[in-house]
Amino acid sequence: MTDRLIIVLLGKQGAGKGTQADLLSKHYGIPHVSTGEILRAAIKAGSELGQRVKGVLDAGELVSDELVNDLVEERFAQPDAARGVLLDGYPRTVGQADALAAMLLPNTVTACINLDVATDLVTERLAMRRVCKACSAIYRSVDPSGETGVCERCGGEVVQRGDDTPEAIRQRLSVYERDTAPLLDYYSTRDLLITINGDDSVDNVFAAITAAVDEA
Ligand code: AMP
């Protein structure tokens, strides 16, 4: 039986997880599952879930483990997840990592990639980040207060994310240190952690990740 490949992308906000996740998802033929994207889509759609979580996202806090665990479990049950999933932004706490471990089936290969980038650099990257409202393509502005624009990929509107403001960035990075950084030890003690230097070109980071995953 073919192994199911679960790639967990860890790293601070702005480390390049979203960019690498798109490339890796195409390369390995597994869906890119971003819990942040699922939550933002719910907010955009104005669903009950969206209304419930909007304030939490705007404040740069985390939504409850229970809520995201349920979202991920539902996503795992969809047919396109049969061969595996690329997880971006999940797990984010030790409680979520335990829940993920409980969801995994036998014959699952798990690789946890830690994209390592210094805090100063991610802070700068987040302030410059712009995203397409329609297709979520990621762009980089030339200055923090920089313009919005039109997406080269789909023609959608390119804007700054509501949680990429200086205050929300500070808050999200401190939440990362408090709740998510402990996952580095969690996966390291389970011999699953692969740390990759994320301060390099997109192509070089991608090559380093695929080489490590192929060996896992
Ligand atoms: P991201 O796009 O991964 O930066 O996520 C954006 C926001 O969505 C986060 O700041 C949290 O408010 C929420 N979020 C995304 N993933 C999770 C998660 N695994 N656990 C809790 N909150 C999450």
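Colleague: How many cavities of 30 Å³ or more does the structure hold?
Modeller: One. This is a predicted model, where local features need pLDDT of at least 70 and side-chain atom pairs count only at pLDDT 80 or more, while totals for chains, interfaces and linings use all residues. Residues are numbered from 1 along each chain as its sequence is written, and side-chain values use heavy atoms, with hydrogens and water left out.

Colleague: What makes the largest cavity a cavity, and what lines it?
Modeller: On a 1 Å grid over the protein atoms alone, a 1.4 Å probe fits there but cannot get out, so the name applies. About 80 Å³ lies inside, counted as the space filled by probe spheres set on the grid points. The lining (residues with an atom within 4 Å of a point) includes Leu 9, Lys 17, Tyr 90, Arg 92 and Thr 180. β1 and α7 (166–180) each give two or more residues to the lining.

Colleague: Why is Ser 25 called buried?
Modeller: Buried means under 20% relative accessible area (1.4 Å probe, protein chains only). Ser 25 has 15% relative accessibility, so Ser 25 counts as buried. You'll find Ser 25 in helix α1 (residues 17–28); a helix here is a DSSP run of H or I with at least four residues, and a strand is a run of E with at least two.

Colleague: Which residues does Ser 25 touch?
Modeller: Skip residues up to four places away in sequence, and Ser 25 touches Ile 30, Pro 31, His 32 and Leu 86, where contact means heavy atoms within 4.5 Å. The side chain of Ser 25 also reaches the backbone oxygen of Ile 30 at 2.8 Å.

Colleague: What makes the largest nonpolar core a core?
Modeller: A core takes buried Ala, Val, Leu, Ile, Met, Phe, Trp, Tyr and Cys residues joined through side-chain atoms within 4.5 Å. The largest such set has 27 residues, and Leu 39, Phe 76, Leu 87, Tyr 90 and Tyr 187 have the most contacts inside it. Helix α4 gives the largest share, five residues. A second, separate core of 23 residues includes Leu 24 and Ile 209.

Colleague: Tyr 90 again! What is Tyr 90 in contact with?
Modeller: Leaving out neighbours within four places in sequence, the contacts of Tyr 90 include Val 8, Val 72, Leu 100 and Met 103.

Colleague: Why do β5 and β8 count as a pair?
Modeller: Strands pair if DSSP finds at least two bridges between them. Two bridges join β5 (residues 129–132) to β8 (residues 157–159), so this is a pair. The two strands run antiparallel, and Cys 132 stands opposite Val 158 in β8.

Key:
Buried means under 20% relative accessible area, exposed over 50%, partly exposed in between (1.4 Å probe, protein chains only). A polar contact is a pair of N or O atoms within 3.5 Å; within protein, one must be able to donate a hydrogen and the other to accept it, and residues adjacent in sequence count only if both atoms are side-chain atoms. On a 1 Å grid over the protein atoms alone, a cavity is a set of points where a 1.4 Å probe fits but cannot get out, and a pocket is an open set with protein on both sides within 12 Å along at least five of seven lines; lining residues have an atom within 4 Å of a point.
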